[in-house]
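Welcome to this short tour of a protein model. Take a moment to look at the structure, and then let us walk through it together.

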There are 2 protein chains.
Amino acid sequence: MTAPLEFWFEFGSTYSHVGAFRIEAECRAAGVPLVWRPFLLGPIFTAQQGIKDSPFNVNPVRGRYMWRDVERLCAKHGVPWRRPTVFPRNSVLASRVACAGEGAPWLGDFIRGVFRANFAEDRDISDPSMLAKLLKGFGVDPEPVLAQAVTVENKARLRANTEQAEALGIFGAPNCVIQGELFFGQDRITDAIAWALAAPLA
Amino acid sequence: MTAPLEFWFEFGSTYSHVGAFRIEAECRAAGVPLVWRPFLLGPIFTAQQGIKDSPFNVNPVRGRYMWRDVERLCAKHGVPWRRPTVFPRNSVLASRVACAGEGAPWLGDFIRGVFRANFAEDRDISDPSMLAKLLKGFGVDPEPVLAQAVTVENKARLRANTEQAEALGIFGAPNCVIQGELFFGQDRITDAIAWALAAPLA
């Protein structure tokens with residue numbers, strides 16, 4: 001047993017898509033326990049940069065590169081990919097479902113399913129019926145899960161995740177965090193896993 | 001012989017420091033010819049983002065992470081590192097010298113020497129006497145090189161590099177470019193070398 005690796009992701013983020021498809025297999029291969037941590041980037045971008053859109057839309061030169069880079073990365077890592085017609089998509093409901101599913105055996109499949117819907121199937125991840133279908137596909141009864149997702153307690157959980165992300169010094173997505181040590185970007189997954197393997201258990 | 005890899009860098013950039021210490025050895029090991037391409041990020045940041053400072057200073061949360069990340073990367077890749085007291089430093093003269101030294105046998109050593117001065121020895125890389133000393137250390141007579149660096153023709157060369165960087169879709173540093181294909185960040189050096197090895201020669 002090593003220190004756990006927290007994977008902090010945002011369903012609207014292209015690089016989170018790449019990371020989400022890599023992280024479970026790479027953690028398992030290394031024997032590092034994985035904790036999924038959904039959060040919202042929107043409030044962080046607004047607080048830190050005063051913007052109400054993705055930085056990739058705000059700076060179109062950076063945006064143009066990002067689309068090409070993600071396409072190459074998906075080809076390299078065997079991650080499904082088709083550029084969506086809407087970017088970024090509203091990720092609030094999907095993130096609430098991921099919070100509600102903490103520790104559930106279907107959580108990893110659900111997370112990858114939402115990313116696949118957004119970034120390979122060009123579907124609206126804020127649509128409850130789409131999310132319900134996804135859950136049904138894993139043999140999960142969607143009604144109670146979607147009902148739990150929008151409870152006051154669960155909404156507060158997502159807000160708390162986003163506040164904790166800010167407190168950790170997060171400014172983008174995805175991130176790996178090991179005992180407070182922050183690694184930004186799917187580029188740093190290998191370094192983060194090495195850090196977890198070297199970290200002394202508390 | 002494979003397609004050449006152009007390494008587009010800025011002497012004031014911390015991630016260019018990491019990349020500059022990696023790129024020559026990694027290209028040589030792969031048999032990929034390397035072309036050093038100095039340019040200035042300042043005009044690009046101003047044109048694209050309307051800022052007159054490093055984005056890492058403009059967004060201090062991102063800046064705080066960058067300093068930690070670069071420290072870790074330098075330890076990982078065996079790159080000399082000490083956080084400078086001034087950031088970013090004025091890189092115009094050093095970049096002009098690098099333009100003047102195009103194809104010279106001392107160019108790689110000079111480039112790493114300037115990065116080392118800035119990011120490991122906390123020295124002022126805009127000081128002509130510092131640059132002269134550096135050149136002398138490689139057995140190069142500094143007077144004619146520094147004189148050539150500030151000629152109208154050579155100043156225009158650096159401006160042309162910066163304009164070409166913009167035309168390539170560059171928005172940060174460092175970058176690897178192979179036949180117009182852009183790879184941003186020292187994180188992408190391995191991918192860029194693989195791209196060069198796979199690229200058909202024109």
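100% of the interface residues of chain A are also interface residues in chain B, so the copies meet through the same surface. Keep in mind that this is a predicted model. The briefing begins with how the chains meet, and then turns to pairs and details within each chain.

**How the two chains are related**

- Chain A can be laid on chain B by a turn of 180° and a shift of 0.0 Å along the axis, with an RMSD of 0.0 Å.
- The two copies are thus related as by a two-fold rotation axis.
- Which C-alpha of chain A is nearest the axis? That of A:D187 is, at 3.3 Å from it.

**Where the chains touch**

- Chain A gives 24 residues to the contact, and chain B gives 24 residues as well.
- The size of an interface is often given as the accessible area lost when the parts come together.
- Here chain A and chain B bury about 2000 Å² between them, and 47% of that area is on carbon and sulfur atoms.
- Between chain A and chain B there are 14 residue pairs in polar contact, counting pairs with both residues at pLDDT 80 or more.
- Four elements of chain A give two or more residues to the side that touches chain B: α2 (42–49), α4 (60–77), β4 (181–184) and α10 (189–198).
- The largest share of this side comes from α4(A), with eight residues.
- By class, the side of chain A that touches chain B has 10 nonpolar, five polar and nine charged residues.

**Salt bridges between the chains**

- Side chains of opposite charge can pair when their charged atoms come close.
- One of the pairs is A:R68 with B:E181, whose side chains meet at 2.8 Å from N to O.
- Salt bridges that share partners join A:R68, A:D69, A:E71, A:R72, A:D187, B:E181 and B:R188 into one network.

**Salt bridges within a chain**

- In chain A, A:R37 forms a salt bridge with A:E6, and their closest N and O atoms are 3.9 Å apart. This pair links distant parts of the chain, with A:R37 in strand β2 (residues 34–38) and A:E6 in strand β1 (residues 5–9), 31 residues apart.
- Is A:R37 buried or exposed? A:R37 is buried, with a relative accessible area of 16%.
- In chain B, the side chains of B:E24 and B:R112 meet in a salt bridge of 2.8 Å, N to O. Here B:E24 in helix α1 (residues 14–30) is linked to B:R112 in helix α6 (residues 107–119), 88 residues apart.
- B:E24 counts as partly exposed at 22% relative accessibility, whereas B:R112 is buried at 17%.
- B:R157 forms a salt bridge with B:E102, with the closest N and O atoms 3.9 Å apart. B:R157 belongs to helix α9 (residues 152–167) of chain B and B:E102 to the loop between α5 and α6, 55 residues apart.
- B:R157 is partly exposed, with a relative accessible area of 33%, and B:E102 counts as exposed at 58%.

**Buried places**

- In α10(A), the residues A:I189, A:D191, A:A192, A:I193 and A:A196 are buried.
- Their cover includes β1, α1 (14–30), β3 (175–178) and β4 of chain A, together with α4 (60–77) of chain B.
- B:S95 lies in helix α5 (residues 92–100) of chain B and counts as buried at 1% relative accessibility.
- Leaving aside neighbours within four places in sequence, B:S95 is in contact with B:F11, B:P38, B:L40 and B:L158.

**Backbone details to look for**

- The peptide bond from A:F87 to A:P88 is cis, with omega near -10°, and A:P88 sits in the loop between α4 and α5 (92–100) of chain A.
- Another cis peptide bond runs from B:A173 to B:P174, with omega near 0°; B:P174 lies in the loop between α9 and β3 (175–178) of chain B.
- A:D122 is not a glycine, yet its phi is positive, near 55°. Look for A:D122 in the loop between α6 (107–119) and α7 (128–137) of chain A.
- B:Q179 has a positive phi of about 50° although it is not a glycine. B:Q179 lies in the loop between β3 and β4 (181–184) of chain B and counts as partly exposed at 46% relative accessibility.

Key: Residues are numbered from 1 along each chain as its sequence is written. Chains are lettered from A and ligands numbered from 1 in the order in which they are written. This is a predicted model: local features need pLDDT of at least 70, side-chain atom pairs count only at pLDDT 80 or more; totals for chains, interfaces and linings use all residues. Side-chain values use heavy atoms; hydrogens and water are left out. Contact means heavy atoms within 4.5 Å. Buried area is the accessible area (1.4 Å probe) that two parts lose on being put together, summed over both. A salt bridge is a side-chain nitrogen of Lys or Arg within 4 Å of a carboxyl oxygen of Asp or Glu. A polar contact is a pair of N or O atoms within 3.5 Å; within protein, one must be able to donate a hydrogen and the other to accept it, and residues adjacent in sequence count only if both atoms are side-chain atoms. Ala, Val, Leu, Ile, Met, Phe, Trp, Tyr, Cys and Pro count as nonpolar, Asp, Glu, Lys and Arg as charged, and the others, Gly among them, as polar. Copies are superposed by least squares on the C-alpha atoms of residues with pLDDT of at least 70 in both. Buried means under 20% relative accessible area, exposed over 50%, partly exposed in between (1.4 Å probe, protein chains only).
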